Amino acid sequence: GAVVSQHPSWVICKSGTSVKIECRSLDFQATTMFWYRQFPKQSLMLMATSNEGSKATYEQGVEKDKFLINHASLTLSTLTVTSAHPEDSSFYICSASPGLNSGNTIYFGEGSWLTVV
Amino acid sequence: DAKTTQPTSMDCAEGRAANLPCNHSTISGNEYVYWYRQIHSQGPQYIIHGLKNNETNEMASLIITEDRKSSTLILPHATLRDTAVYYCIVRVGVSDKLIFGTGTRLQVFP
């Protein structure tokens, strides 16, 4: 079946540095992908919609200059956490689906753990 | 967006059926109900989705009431590996955007 893959699975970075997380759709093309963040013992929170070939759409309260999203191809979206701080430490998850119709399956990646020290 | 209400937690004995309820009283006619589960430290796993009719696949069954205001996810023979947080989500239109609620933490015990 369709698979969405993320890389890296986990990453540790120093405060002030930037880190990039990749989200790939392995056997389908996705014009839109979604990025979520999840803190321990909490639910997933939608951060932004990644649009292929155009700017991402951010949810209210999410800083677009902090979380840079690039969707340069139909199979790859990247999330870059810029000038990371310890409070950015979280589980980041992406989702995508093979097509835009209201009954298709939406798949999630395995998630990426970010720890900022 | 249609919101969902789920019990915070449930227990189920191994081998028994797990019935997870979900209320979505404000759902509109074209909105699908999706179920996902999340095992600790992993991304959400797709289980099943439906619009009006009951649905069944290799993982579970989805029973949607006639008025579509509630649904039940059924795991016919729960195993210890089914212990997870289960999310019921109403999807709006053709957008792939899914808004997660707090879900139900299902604990399957021996």
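Q: In S7(B), which residue is the bridge partner of Leu20(B)?

A: The partner of Leu20(B) in S7(B) is Leu73(B). Strands of a sheet pair through backbone hydrogen bonds, either parallel or antiparallel. Strands here are DSSP runs of E with at least two residues, numbered from the N terminus, and two strands pair if DSSP finds at least two bridges between them. S2(B) and S7(B), the latter covering residues 70–75, run antiparallel and are joined by six bridges.

Before we go on, this is a predicted model, in which local features need pLDDT of at least 70 and side-chain atom pairs count only at pLDDT 80 or more, while totals for chains, interfaces and linings use all residues. Residues are numbered from 1 along each chain's sequence as written, chains are lettered from A and ligands numbered from 1 in the order written, and side-chain values use heavy atoms, with hydrogens and water left out.

Q: Which strands stand at the edges of that sheet?

A: Follow the order of the strands: the open sheet of four in chain B runs S2-S7-S6-S5, with antiparallel pairing. S2(B) (18–23) and S5(B) (55–56) are the edge strands; each has a single partner strand, so one side of each has no neighbour in the sheet.

Q: How many residues lie between S3(B) and S4(B) in their hairpin?

A: Six residues lie between these two strands, and Ser41(B) in the turn has a positive phi of about 70°. Five bridges hold the antiparallel pair S3(B) (residues 32–38) and S4(B) together. To find your place on screen, look for Trp35(B), which stands opposite Ile48(B) in S4(B). S4(B), residues 45–50, has five of its six residues buried, where buried means under 20% relative accessible area, exposed over 50% and partly exposed in between (1.4 Å probe, protein chains only).

Q: How many residues of S4(A) are buried?

A: Seven of the seven residues of S4(A) are buried. Check both faces: Thr32(A), Phe34(A), Tyr36(A) and Gln38(A) point one way, and Met33(A), Trp35(A) and Arg37(A) point the other way, yet all are buried.

S4(A) also has two antiparallel partners to look at. Six bridges link S4(A) with S5(A), and Phe34(A) stands opposite Thr49(A) there. Six bridges also join S4(A) to S9(A), where Tyr36(A) faces Ile93(A).

Q: Which residues of the largest nonpolar core touch the most other members?

A: They are Trp35(A), Phe67(A), Val81(A), Tyr92(A) and Leu114(A), out of 24 residues in the largest core. Strands that give two or more residues to this core include S3 (19–25), S4 (32–38), S7 (67–73) and S9 (90–96) of chain A. Apart from it lies another core of 21 residues, among them Leu20(B) and Leu73(B), the pair we started with. (A nonpolar core is a set of buried Ala, Val, Leu, Ile, Met, Phe, Trp, Tyr and Cys residues joined through side-chain atoms within 4.5 Å.)

Q: What does Tyr92(A) touch?

A: Leaving out residues up to four places away in sequence, the contacts of Tyr92(A) include Gln6(A), Tyr36(A), Arg37(A), Phe67(A), Val81(A) and Leu114(A). (Contact means heavy atoms within 4.5 Å.)

Q: Is Val19(A) buried or exposed?

A: Val19(A) has 8% relative accessibility and therefore counts as buried. This residue lies in S3(A).

Q: Where does Ser97(A) lie?

A: Ser97(A) is in the loop between S9 and S10 (107–108) of chain A. Even so, Ser97(A) counts as buried, because its relative accessibility is 3%. Among the residues that Ser97(A) touches are Phe28(A), Asn104(A), Ile106(A) and, from the other chain, Asp96(B).

Q: What is the phi of Lys41(A)?

A: Most residues other than glycine have a negative phi, and most peptide bonds are trans. Lys41(A), though not a glycine, has a positive phi of about 65°. Find Lys41(A) in the loop between S4 and S5 of chain A; at a relative accessible area of 86%, Lys41(A) is exposed. Ser83(A) has a positive phi too, near 45°. That serine sits in the loop between S8 and S9 of chain A and is partly exposed, at 35% relative accessibility.

Q: Which residues does the cis peptide bond join?

A: The cis bond joins His7(A) and Pro8(A), with omega about 0°. Look for Pro8(A) in the loop between S1 (4–7) and S2 of chain A.
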